[in-house]
Structures are given as C-alpha cells and as structure tokens.
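Me: I've got a model open and want to talk it through. Can you help me read it?

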Amino acid sequence: MTDTREQFRPEDHPNDHFLMTTVVGSYPKPKWHNRARELFEDEDSEFDVDNWEEAKDDAARLITKEHERAGVDVVTDGEMRRNEMVEYFAHRIDGYDFNGRVKVWGHNYFDKPSVVDEVEYDEQWLVEEFEFTDDVADAPVKVPITGPYTLASWSFNEVYDDEEQLTYALADLVNEEIDALVEAGARYIQIDEPALATTPDDHAIVGEALERIVDDVPEDVRLGLHVCYGDYSRIYPEILDYPVEEYDLELANGDYEQLDVFKDDEFTEDFAMGVVDVHTAEIESVEEIKDNIKKGLEVVPPERLTVSPDCGVKLLPREIAYGKMENMVKAAREVEAELDAGEIDVVAGDAATADD
Amino acid sequence: MTEIVATTPGLYPLPDWAKDDLSDLKGHQKGDLISGDEGGEIAAAYDEARAEVIERQQDAGLDRVVEGQLRWDDMLAHPLTVHDSVETGGIVRYYDNNNFCRDPVVEGDLSADGGDVAAELDAAAELVEEGLQAVLPGPYTLADLATDEHYGDDAAFLDAVADFLGSEVDAFPDVETLLLLEPSLVENAPGDGVDERASEAIDAVASAADAEVVVQTYWGALEEKVHAHLLDADIDAVGYDFVSDHEQTLYNINEYGTKDDISLSVVDGQNTLVETPAEIRERIEWVTEETTNDFDTVYASANTELFYLPVNKFEAKLDALADAADLEEVHA
C-alpha cells in the first residue's frame with residue numbers, strides 16, 4: 001500500500017520519529033461568531049448574508065491559525081461554517097426537508113432532517129471550505145465529512161425501502177463530493193461514522209458504503225474513519241477490512257478500558273488514538289498525555305500511530321480546547337524524542353520487546 | 001361490534017416554545033434534568049405545556065388522552081430517576097437510538113415515594129373529563145433500564161420495581177386506561193424463568209389498577225415464549241408493533257391467541273412520514289381479517305413514544321389516528 005502519511009511530515013519536524021498530530025474536526029466557536037449567527041438569523045437585524053459570510057471567513061481563518069499555533073501537524077478550520085454534523089449536509093442535498101427540532105437527551109435537540117425524495121447531489125458541500133482553509137493554512141489540511149451511514153441513521157427516511165438503501169444512495173453522493181475535494185487538492189479525508197457505535201450490527205453496511213465512497217479515489221489520498229462512544233469489540237476486527245488506512249477512535253473518555261480489544265487481534269492499519277478527553281474541562285498534563293500515547297504504542301508501531309483528541313472539541317471552553325491541543329502536541333514531540341533516543345522499547349508487534 | 005379506540009403511547013415532544021424556555025430555565029447538563037422537586041417558573045412552564053398537549057389531543061378527537069409525560073427527561077427511566085433511593089449515574093444510550101438518558105442507580109429500598117406520576121395525572125385529570133389514560137414503563141422495562149446496587153438479586157429487584165410501580169398506580173386518580181410500555185420485552189428479551197417472572201411482575205402492577213390495562217411491546221415482535229407468558233398476566237390487552245414486524249406479530253397472535261381486546265401499533269412513532277387515516281384503517285382491518293379473534297376493543301396507536309418526532313409531524317399523527325377511528329369501515 002502507498003504510504004500516505006509521509007506527505008504530512010513538516011519540513012522542520014524536529015525528530016526522526018513522526019507521530020502525526022491532528023484533530024477530529026470541530027472546535028469551539030468564538031463567542032462573537034455565535035453572536036453573528038444570531039444576528040443573521042434575526043429577521044429584524046440588518047446583519048445580512050454578506051456580513052455572515054465575512055464572519056464565517058474570519059472565524060475559519062482564526063481557528064485554522066489557532067490549530068497551527070498549538071503546533072498541530074494536520075489542521076482543520078474547526079468546522080466554523082458547519083452548525084451540526086448532519087444538518088449541515090442535509091441542507092445541501094436535494095431530497096431532504098426539515099420539520100423542527102427533536103430531542104437527543106435532556107434539553108439538547110437537533111433539527112433532524114427527513115428524506116422526502118430521492119437524494120441527489122446539488123451544491124458543493126465542503127470544496128469551498130477546503131479551498132479557503134488550504135489557502136489560509138501553512139500546515140496540511142484534513143477534511144472531516146459525515147459518512148453516509150450516519151447521514152442515513154440520523155435522518156427520518158420517508159422514501160427508501162430501508163436505511164441500508166438510503167445509506168448506499170448517500171454513499172454515492174459522498175463519493176461525488178470526495179472526488180471534487182480530491183480535484184481541489186485535498187489529500188486527507190476523514191469519514192465520520194459515529195452512528196456505527198449505535199448499531200454495531202450494521203458494520204457490513206458501513207463497509208459496503210465505504211467501498212462506494214472510495215471508488216476512484218487516488219492512492220495518495222489518505223482516508224480515515226472516525227468512530228466514537230461505542231463497544232468496539234462488536235465492530236473490531238471486522239472494520240479492518242474497510243477500504244481506509246486509518247481508524248480514529250475515542251479511548252481517553254473510557255480510560256483505555258477498551259484498549260485490549262485492539263491488541264487481541266493485530267491492528268493492521270494506522271491507529272489514530274484519542275489521547276485527550278473532550279468531555280472533561282481539565283487540561284490533561286503533558287506527562288499524562290505521554291502515558292496515553294505510549295498506550296497507543298502497545299497497539300501499533302510509531303510509524304502507524306496518529307495522535308488526536310477523542311472527538312471534536314467543540315463543546316469545551318475555547319481556552320481548554322486550545323490547552324489540550326497544545327499539550328497533546330508537546331507530548332507527541334517528547335515521545336518522538338524518547339523514541340529517537342531509544343528510551344522507549346515498547347514496540348507493538350515486536351515479540352523481542354514484548355516481554356517487559 | 002368491535003370498538004376502535006384511538007390513543008397514543010404518550011411521552012410527547014415538548015412544544016417548541018417549551019423546549020426553549022425550559023432549556024433556558026433548567027440548563028443543558030445532566031445535573032440540570034428533572035429531579036422531581038421543581039417549582040416556580042419550571043413547574044409553571046410544564047403546567048402550560050401539559051395543558052397545551054391535552055387540548056391538542058382533545059382537538060384531534062382522540063378517544064384516550066394522555067398527560068404527555070413532558071417532564072420525563074429520562075424517558076421511560078423517569079419514575080426511577082426522580083426516586084429518593086435512586087442516584088442518577090452517567091448518560092447512557094437509550095435503546096438503539098441516538099438518544100440518551102441518565103442511568104438510574106438504585107441504592108436503597110424502592111418504597112412508595114411521593115407519587116410523582118400520580119401528581120402529573122392529578123393535574124391532567126383537572127383538564128380531562130373522560131378518557132384519561134395513564135402511562136408507565138412496565139416493570140420489566142424499568143428494571144432493565146436501571147442499575148441495581150441494593151437488592152443484589154435480579155428477581156428481588158424486579159419484584160421491588162413492580163411493587164414500586166404498583167404503589168404509584170395506587171395513588172393515581174380515576175383513569176380509563178393504564179398503558180404499560182414494555183419495549184425491553186422485545187429489545188432485551190427475558191430468558192427462561194425470567195419471562196415468567198416478568199409476566200408476574202406485570203400482573204402485580206396491573207392488579208393495582210382500577211382501569212383497563214394494556215401492555216405495549218415494541219421494536220419488533222415478541223419471542224414466542226415471552227408472548228405466551230405475557231398472556232398469563234391478568235391484563236386486558238397486549239399492544240403489538242405492526243410497524244416493525246407485522247409477520248411475526250401476526251404469527252404470535254394466531255399461534256398463541258391473545259386477550260379479548262388488542263392494541264395495534266399501526267402508526268410509526270419514529271418516522272415523519274404521516275400515515276393517512278385510510279392507511280391506518282386498512283392496517284387495522286388487515287389484522288382483524290387475518291386473525292380469527294372477535295375483539296371487543298381495538299386500540300389504534302403509535303408503536304413508540306412520540307418524542308422522537310418534530311412537533312408538526314407529531315400533531316399530524318394525532319389527527320390521523322383520531323380520524324382513522326372515526327372513518328366508516330373501508331372494504332378492500
């Protein structure tokens with residue numbers, strides 16, 4: 001398989017080892033950005049669509065740079081243009097309709113869309129977002145995109161025979177969008193499928209959908225899959241057959257209780273491991289994060305370990321989100337230096353060192 | 001002559017204004033959810049929302065009117081999460097849905113405790129002259145949703161949950177119907193021995209009620225043995241989910257029989273596609289034609305709680321159910 005990781009190593013990377021650091025995608029929106037959205041949605045306000053576009057550009061520029069300031073190797077714009085991970089896409093796909101908010105838990109709601117007609121590709125989803133971010137960023141840019149299974153599961157299906165058929169129809173649209181992203185220069189695409197954790201028995205449907213998505217994607221494009229908050233033993237090792245190279249998994253939140261799942265069967269692809277918890281408002285220390293990273297080295301060798309937060313950090317206070325990323329990068333660099341110096345001898349899959 | 005009674009399983013979506021007002025008043029975190037001792041503006045908002053959903057059911061012309069269970073932040077786990085002997089743990093997934101509730105951790109005796117649900121029904125009773133329907137989780141489902149750290153024995157815990165629900169029912173005002181929602185009978189089907197105990201627990205709750213008792217099952221068909229045991233309970237009707245699995249459900253009824261009354265879930269509580277009254281009526285008649293029973297009462301309902309729906313579609317489904325019951329018989 002083509003090595004798609006090396007292209008993301010920064011030219012001035014200080015260590016021989018490279019534990020690529022990245023983020024899952026979302027980031028807290030600056031308060032002024034939320035205020036701008038309120039004004040834009042307020043019919044009595046003079047804040048018009050041009051003002052709103054300018055606000056989104058400013059926020060995207062700011063947060064892209066905030067990721068770079070924290071030292072993250074592969075960045076996003078923090079999804080400043082997106083309101084929610086299903087709604088955003090449903091608004092851009094023909095065949096979707098919105099009826100109002102539904103409960104997720106407590107007083108947390110989302111505007112769950114309904115599929116009321118056959119889904120069709122209409123306007124671009126993420127190409128403009130990518131082009132803007134790529135233009136602003138000095139670092140390489142990752143594009144997170146909600147996967148078709150989650151888009152289907154978290155919608156009302158009024159049209160298709162079942163969720164599986166809707167998933168495949170949406171997969172064809174995701175494929176079209178990814179083609180356009182690749183055409184625009186994207187080289188790192190992460191497909192988010194949190195719904196797989198809800199219904200792990202459907203892993204074969206997700207697999208078939210991914211086959212459709214990756215059709216015609218060039219070999220040098222890095223494809224990842226993000227799954228979170230589930231019982232991984234119900235989907236692993238089956239998911240290793242998916243046509244992606246990297247699996248980004250939440251593990252810090254559960255204090256690595258599920259780590260053994262990935263050791264029982266050899267992890268044959270790249271492992272992007274969550275090393276900071278996005279549901280605690282305390283910034284983990286560099287030392288603590290280093291310990292977490294070393295747990296990842298029990299699963300895969302350094303050249304296949306990616307370091308990232310558990311999930312999108314958007315629900316955290318902004319300074320906490322920044323602090324977590326900054327410490328995450330420091331920790332990765334220190335572990336790399338220790339690896340270079342031969343101070344860490346725990347190497348996954350190497351029987352000679354497995355006895356310590 | 002079979003009477004068709006249009007009803008719903010309750011657990012309604014909050015009106016949109018109440019979603020906003022209550023999230024402002026209560027907050028968004030798990031510690032902000034209902035504990036059972038709310039007052040002031042929060043209680044007033046719930047009172048207003050309750051009146052609104054009751055009036056909406058009456059306008060639709062439903063034969064049974066529910067309180068709406070708008071306070072049930074933890075869905076079917078609610079009667080326990082407000083109990084004094086219960087601590088609320090983390091947020092856990094609510095069945096195979098993208099919904100979450102607090103984990104009710106039972107740490108002490110589940111004695112009769114304040115009648116939280118009875119108080120809701122008292123408030124509803126002031127607005128409903130006839131046809132008031134109480135809604136509770138069935139004992140097997142409520143025990144399944146909870147974590148027991150006190151009784152230490154599954155059978156004793158199930159009995160305690162049944163006794164607790166029975167004490168709630170004792171405190172109820174006069175109601176026409178008591179609906180016990182038992183999705184766990186399908187989703188986490190009881191095995192050998194437990195199936196019989198589940199039936200006895202349901203019987204214990206039902207015996208506390210001076211009303212028609214319907215036990216609604218959903219998210220698929222019951223396993224055959226679970227169904228057979230359920231029929232041993234002294235209840236008036238079983239609710240069957242004809243939306244999720246009509247074939248196995250029909251088989252169960254024709255193979256093992258059912259009660260003299262029946263509740264048919266013929267409206268999808270988790271899809272915005274609104275069934276027409278004629279479609280609903282056809283589904284009801286399909287069941288009555290495919291079974292040999294001569295039912296006294298056929299309840300027509302939605303298969304699941306209705307909070308999964310946005311308000312406009314939820315209301316459209318109330319109208320469709322009520323209209324379906326009033327339609328002249330349609331013959332294929």
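Me: Start with chain A. Is the crossing of helix 1 of chain A and helix 2 of chain A left-handed or right-handed?

Reply: This is a predicted model. In it, helix 1 of chain A passes helix 2 of chain A in a left-handed crossing.

Me: At what angle do the axes cross?

Reply: Roughly 165°. The axes of helix 1 (residues 31-41) and helix 2 (residues 49-69) of chain A come within 10 Å. Angles over 145 degrees count as roughly antiparallel, so these two helices of chain A are roughly antiparallel to each other.

Me: Which residues make that contact?

Reply: From helix 1 of chain A, His33(A), Ala36(A) and Phe40(A). From helix 2 of chain A, Trp52(A), Ala55(A) and Ala59(A). By class, that is five nonpolar, one polar and no charged.

Me: New topic. How many residues does each chain put into the contact between chains A and B?

Reply: Chain B gives 28 residues and chain A gives 18.

Me: Which elements of chain B supply at least two residues each?

Reply: Helix 1 (16-26), strand 3 (86-93), strand 4 (100-106) and helix 12 (311-326) of chain B. Helix 1 of chain B has the largest share of that side, five residues.

Me: What confidence does the predictor give the complex?

Reply: An ipTM of 0.94 and a pTM of 0.90. For chain B, the mean pLDDT is 95, and 98% of its residues reach 70 or more.

Notes:
Residues are numbered from 1 along each chain as its sequence is written. Chains are lettered from A and ligands numbered from 1 in the order in which they are written. This is a predicted model: local features need pLDDT of at least 70, side-chain atom pairs count only at pLDDT 80 or more; totals for chains, interfaces and linings use all residues. Two residues are in contact if their C-beta atoms, placed from the backbone, lie within 7 Å. Helices (H or I, at least four residues) and strands (E, at least two) are DSSP runs, numbered from the N terminus. Axes are lines fitted to C-alpha atoms, for helices over the stretch in contact, and angles run from 0 to 180 degrees between N-to-C directions. Angles under 35 degrees count as roughly parallel, over 145 as roughly antiparallel, 65 to 115 as roughly perpendicular and the rest as oblique. A crossing is left-handed if the near helix is turned anticlockwise from the far one by less than a right angle, and right-handed if clockwise. Ala, Val, Leu, Ile, Met, Phe, Trp, Tyr, Cys and Pro count as nonpolar, Asp, Glu, Lys and Arg as charged, and the others, Gly among them, as polar. pLDDT is the predictor's confidence in each residue, from 0 to 100.
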